[in-house]
Amino acid sequence: MKLEFRLRRATDFSRVRQQGKSFAHPLLVLIALPNSNGELRIGVAAGRSVGKAVERNRAKRRLRAAVAPLIPRMNTGWDILFISRSAIRGAAYTEIQDGVRSVLTRAG
């Protein structure tokens, strides 16, 4: 995922988590919040329930890879946060892609 589309600051992550609307899937959670600058920014997170650092980083890499091809079709003006769940460790890449598509269509 290109750096220009990344949600980077901890304050932005916490703002999206507190004020955004969430859409859950067994593998991941999407939280979306409109922003004022008209850009699309995406953040990816993995909590300790996913596993140790190696597993969390792998889950985030796989999630970023599944989201990247869908960025051109996403609406601008949103801050989107993807949070991986523990089930993502054993999931195939196609299952992650299906989960991302599922939550994005529900979110609109």
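Here are some questions and answers about the predicted model above. Residues are numbered from 1 along each chain as its sequence is written, and side-chain values use heavy atoms, with hydrogens and water left out. Local features need pLDDT of at least 70 and side-chain atom pairs count only at pLDDT 80 or more, while totals for chains, interfaces and linings use all residues.

Me: What is the strand order of the open sheet?
Reply: Happy to start there! Strands are DSSP runs of E with at least two residues, and helices are runs of H or I with at least four, numbered from the N terminus. Two strands pair if DSSP finds at least two bridges between them. The sheet has four strands with mixed pairing, in the order β1-β2-β4-β3.

Me: Which strands stand at the edges?
Reply: Each edge strand has a single partner strand, so one side of each is left without a neighbour in the sheet. The edge strands are β1 and β3.

Me: Do β3 and β4 run parallel or antiparallel, and which residue in β4 is the bridge partner of alanine 45?
Reply: Six bridges join β3 to β4, and the two strands run parallel. The bridge partner of alanine 45 in β4 is isoleucine 83.

Me: Why do the buried residues of α2 line one face of the helix?
Reply: Good one! Buried means under 20% relative accessible area, exposed over 50% and partly exposed in between (1.4 Å probe, protein chains only). In α2, Ala59, Arg62, Leu63, Ala66 and Val67 are buried. Seen down the axis of α2, with the arc taken from the directions from the axis to the C-beta atoms, these buried residues line one face because they fall within an arc of 135 degrees.

Me: Which residues are exposed on the other side of α2?
Reply: The buried face is covered by elements including β2, β3, β4 and α3. On the other side, the exposed residues are Val54 and Arg61.

Me: Which residues touch the most other members of the largest nonpolar core?
Reply: A nonpolar core is a set of buried Ala, Val, Leu, Ile, Met, Phe, Trp, Tyr and Cys residues joined through side-chain atoms within 4.5 Å. The largest one has 25 residues, and β2, β3, α2, β4 and α3 each supply at least two of its residues. The residues that touch the most other members are Phe82 and Val100.

Me: Is arginine 9 buried or exposed?
Reply: Arginine 9 is found in the segment before α1. Its relative accessibility is 55%, so arginine 9 counts as exposed.

Conventions: Contact = heavy atoms within 4.5 Å.
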